[in-house]
Amino acid sequence: MPIRVLVVDDSSFFRRRVSEILTSDVGVEVIDTAINGKDAVQKAKDLRPDVITMDIEMPVMDGISAVREIMLANPTPILMFSSLTHDGAKATLDALDAGALDFLPKRFEDIAKDRNDAVATLLNRVKTLANRRGLSLIKARQLRNANAAPTIAKPEPAPLSRPQASAERHGHEAPSPRRRRATPYKLLAIGCSTGGPVALQQILTRLPANFPLPIVLVQHMPGTFTTAFAQRLDGLCQISVKEAENGDRLMAGRAYLAPGGKQMLIEGSSSAMRLKVTEGPETLVYKPSVDITFASAAKISGDVLAVILTGMGADGRDGSRLLKAQGATLFAQDEASCVVYGMPQAVTAAGLTDESISLERIAGRILAEIGHG
């Protein structure tokens, strides 16, 4: 049975273009189009599509408002189309907060240099999201709970008086205690791709201001997005978050987000780590690359807690292998809570994972693992 898609855009040209690409695959059917957010909300209710592609800027009702209403009434996997501008980045991040699962640049030449690759990417994203309706239902429940709860500018997580506190608070059994490390951790390193912005936000907002380690973050994201994303995280989190700059010295309680389109390496010593931000080889597929950052960390220290979150592909597997060889610990997000179980699956299948953990529990496990609470 083909994947049923609703295409939403106020541009007739773009609606036709996306529809032609999707219907070029026999496994995909465009069941209808919508010209604005209000139209999309009604058609999502009437037609129950498997996936919705959604523009952000539209008359009558914008895409962010439409996503929010659809997720509350008829949870559906939604793929956003965004302009690669700072304002476009902020709007896209708002759409992900509202419940959208993924995004792509609206200009196809920004997706890939070759049109065939761009078409393949769009089809692949739609097919992947079609299998994540269950995750959309989970996100919808979370959104309802968030709307029902009072909001505060800087969430204050409950103190962890013992390692299992976070797990108990979220209704999970506490994990089996791990053998105490001979040496303390010096760095928390996190890598992710598709679904990563929401996952990172959920984890980092649960870390206290006195978090004792520096954090490096590698999220596959365009260069125009990472500045806005770092600013957003810094405003939401108790820890400090910044877009990494060349020469930054790593400090406890601060997270450094790799700039989109560049590579972030860790240099120096385990007691005085600093960042090198470089263009990197043109041949690299991922910019930034989790493998590159993790591999550079492995040259400095094995006292690293590494986390691989949701994302397509296998970026992070080779870097994780180098970290593990130096004695690092590796957590991977579990399949059920991933938007795409690609990167975590790659490290797990390679036998590199110490624990597979649901997104809801990762922050608590990080705090328990480093003995902070």
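This note reviews the salt bridges of a predicted model.

1. Basis. The model is predicted, so local features need pLDDT of at least 70 and side-chain atom pairs count only at pLDDT 80 or more, while totals for chains, interfaces and linings use all residues. Residues are numbered from 1 along each chain as its sequence is written, and side-chain values use heavy atoms, with hydrogens and water left out.

2. Count. A salt bridge is taken as a side-chain nitrogen of Lys or Arg within 4 Å of a carboxyl oxygen of Asp or Glu. The count by this rule is 16 salt bridges.

3. Lys106 and Asp9. These two residues form a salt bridge, with the closest N and O atoms 3.0 Å apart. The pair links distant parts of the chain, 97 residues apart: Lys106 is in the loop between strand E5 (102-105) and helix H5 (108-111), and Asp9 is in the loop between strand E1 (3-8) and helix H1 (12-23). Helices (H or I, at least four residues) and strands (E, at least two) are DSSP runs, numbered from the N terminus. Asp9 counts as buried because its relative accessibility is 0%, whereas Lys106, at 23%, counts as partly exposed. Here buried means under 20% relative accessible area, exposed over 50%, and partly exposed in between (1.4 Å probe, protein chains only).

4. Network. Asp55 joins Asp9 and Lys106 in a network of salt bridges.

5. Glu360 and Arg206. Their side chains meet in a salt bridge at 3.2 Å, N to O. Glu360 counts as partly exposed at 24% relative accessibility, and Arg206 likewise at 22%.
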